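Dear colleague,

Please find below the sequence and the structure that I am handing over to you. My notes on what was found follow directly after them.

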Amino acid sequence: RSHFVKDYLQTVPDLHVEYFPAYAPELNPVEALWADTKLHDLAHFCLHDLTELELATATALRNKHHHPPFHAVRWR
């Protein structure tokens, strides 16, 4: 949307540009997965280091993969 981009787009007439909203979690299903993971699996979780966070996150996502459906968060 900047002038730089608009000027460039005028030099490429065959290029079609589609504008997306800045933030639209309802259009991205991964947002619901992460929101559910943070709300249910990692809530009130006291971490000692990033390795522990990585392990807890990987375990939570693996469990969701093997035991669907996860608790989908409704976006308003």
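I begin with D36, which is found in helix 2. Please keep in mind throughout that this is a predicted model. D36 has a relative accessible area of 0%, and because buried means under 20%, this residue counts as buried. The side chain of D36 is joined to that of H40 by a polar contact of 2.8 Å.

**Helix 2**

Which residue has a positive phi although it is not a glycine? That residue is H44, with a phi of about 55 degrees. H44 lies in the loop between helix 2 and helix 3. Its relative accessibility is 87%, and because the cut-off for exposed is over 50%, H44 counts as exposed.

The loop between helix 1 (3-11) and helix 2 holds V17. With 33% relative accessibility, V17 falls between the limits of 20% and 50% and therefore counts as partly exposed. V17 also belongs to a nonpolar patch on the surface, together with Y8, L15 and Y19. The accessible area of these four residues together is about 390 Å².

**The protein as a whole**

The secondary structure consists of three helices and zero strands, so that, read from the N terminus, the order of elements is α-α-α. The protein has 76 residues, of which 16% count as buried. Its accessible surface comes to about 7000 Å², and carbon and sulfur atoms account for 61% of that area.

Finally, a word on contacts along the sequence. Taking the contacts between residues at least 6 apart in sequence, 50% join residues that are at least 24 apart.

With kind regards

How values were computed
Residues are numbered from 1 along each chain as its sequence is written. This is a predicted model: local features need pLDDT of at least 70, side-chain atom pairs count only at pLDDT 80 or more; totals for chains, interfaces and linings use all residues. Side-chain values use heavy atoms; hydrogens and water are left out. Patches are made of residues with over 30% relative accessible area and no salt bridge: like charges are joined within 9 Å, nonpolar side chains (Val, Leu, Ile, Met, Phe, Trp, Tyr) within 5 Å. Accessible areas come from the Shrake-Rupley method with a 1.4 Å probe; for residues, only the protein chains shown count as cover. A salt bridge is a side-chain nitrogen of Lys or Arg within 4 Å of a carboxyl oxygen of Asp or Glu. Helices (H or I, at least four residues) and strands (E, at least two) are DSSP runs, numbered from the N terminus. Buried means under 20% relative accessible area, exposed over 50%, partly exposed in between (1.4 Å probe, protein chains only). Contact means heavy atoms within 4.5 Å. A polar contact is a pair of N or O atoms within 3.5 Å; within protein, one must be able to donate a hydrogen and the other to accept it, and residues adjacent in sequence count only if both atoms are side-chain atoms.
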